[in-house]
Amino acid sequence: MSDIEVSCAPVWFARIRKAIQRRHIELLKPYGLSSIHAMYLTALYHSENGMTLRELCDQLFVDKANTSRAITTLETNGYVEKEGNDKLRYRIKLTLKGHEVAQLVVTDMRKVHDIMFRSVTEDEKDIIRKVMQKVERAADDI
């Protein structure tokens with residue numbers, strides 16, 4: 001692959017991200033949420049015992065201020081609740097309402113992945129996974 005083709009990788013990633021973001025906007029609009037909330041709903045959906053703010057930041061590679069704002073919006077709208085007695089140490093969990101919306105997001109993402117990878121073989125998926133893990137590790141050196 002030439003340097004020109006490799007240099008297009010960020011454009012490819014941005015294009016995929018933008019397509020998913022547009023889908024999230026449409027999906028979450030009726031719930032008064034934006035596309036940014038999808039990743040928080042998804043992370044909490046897959047967490048049985050909820051997560052701390054720091055755990056969300058670390059898992060999603062998002063700074064604390066953005067995470068805090070997103071969680072405040074989700075809490076204000078009744079999608080998450082904070083559990084714990086300490087104002088600084090609490091776990092964030094989905095409410096029943098939040099779980100229902102998160103399930104919609106997760107189900108929709110499975111559809112998106114099916115569409116994106118329908119012409120990709122299992123062997124190719126494995127190669128993509130391995131290559132992306134290498135690229136992700138290399139990104140730490142940037």
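User: What makes up the chain, in helices and strands?
Analyst: The chain has 7 helices and 2 strands. Do keep in mind that this is a predicted model. Starting at the N terminus, the elements follow the order α-α-α-α-α-β-β-α-α.

User: Why is Thr-95 called buried?
Analyst: Let's set the value against the cut-off. Thr-95 has a relative accessible area of 16%, and buried means under 20%. The value falls under that limit, so Thr-95 is called buried.

User: Where does Thr-95 lie, and which residues is Thr-95 in contact with, leaving aside its neighbours within four places in sequence?
Analyst: Thr-95 sits in the loop between β2 (91-94) and α6 (96-117). With those sequence neighbours left out, Thr-95 is in contact with Gly-78, Tyr-79, Val-80 and Glu-81. Contact here means heavy atoms within 4.5 Å.

User: Why does Val-135 count as partly exposed?
Analyst: Good one to work through! Val-135, found in helix α7, has a relative accessibility of 40%. Buried means under 20% and exposed means over 50%, with partly exposed in between.

User: Which residues form the nonpolar patch on the surface?
Analyst: Val-135 is one of them, along with Val-11, Trp-12, Phe-13, Ile-127, Ile-128, Val-131 and Met-132. Together they have about 700 Å² of accessible area.

User: Which helices supply the nonpolar patch with at least two residues each?
Analyst: Those are α2 and α7 (122-139). The largest share, 5 residues, comes from α7.

User: What makes the patch with Arg-22 a patch of positive charge?
Analyst: The patch gathers Arg-15, Arg-17, Lys-18 and Arg-22 on the surface. Lys and Arg count as positive, so this is a patch of positive charge. As for its place in the chain, Arg-22 lies in helix α2 (residues 9-28).

User: How far apart are the mean positions of the positive and negative charges of the chain?
Analyst: They are 5 Å apart, for 23 positive and 21 negative charges.

User: How much of the chain counts as buried, and how much area does the chain expose?
Analyst: Of the 142 residues, 27% count as buried. The chain exposes about 10300 Å², and carbon and sulfur atoms supply 54% of that area.

Key
Residues are numbered from 1 along each chain as its sequence is written. This is a predicted model: local features need pLDDT of at least 70, side-chain atom pairs count only at pLDDT 80 or more; totals for chains, interfaces and linings use all residues. Side-chain values use heavy atoms; hydrogens and water are left out. Patches are made of residues with over 30% relative accessible area and no salt bridge: like charges are joined within 9 Å, nonpolar side chains (Val, Leu, Ile, Met, Phe, Trp, Tyr) within 5 Å. Accessible areas come from the Shrake-Rupley method with a 1.4 Å probe; for residues, only the protein chains shown count as cover. A salt bridge is a side-chain nitrogen of Lys or Arg within 4 Å of a carboxyl oxygen of Asp or Glu. The place of a charge is taken as NZ of Lys, CZ of Arg, CG of Asp or CD of Glu. Buried means under 20% relative accessible area, exposed over 50%, partly exposed in between (1.4 Å probe, protein chains only).
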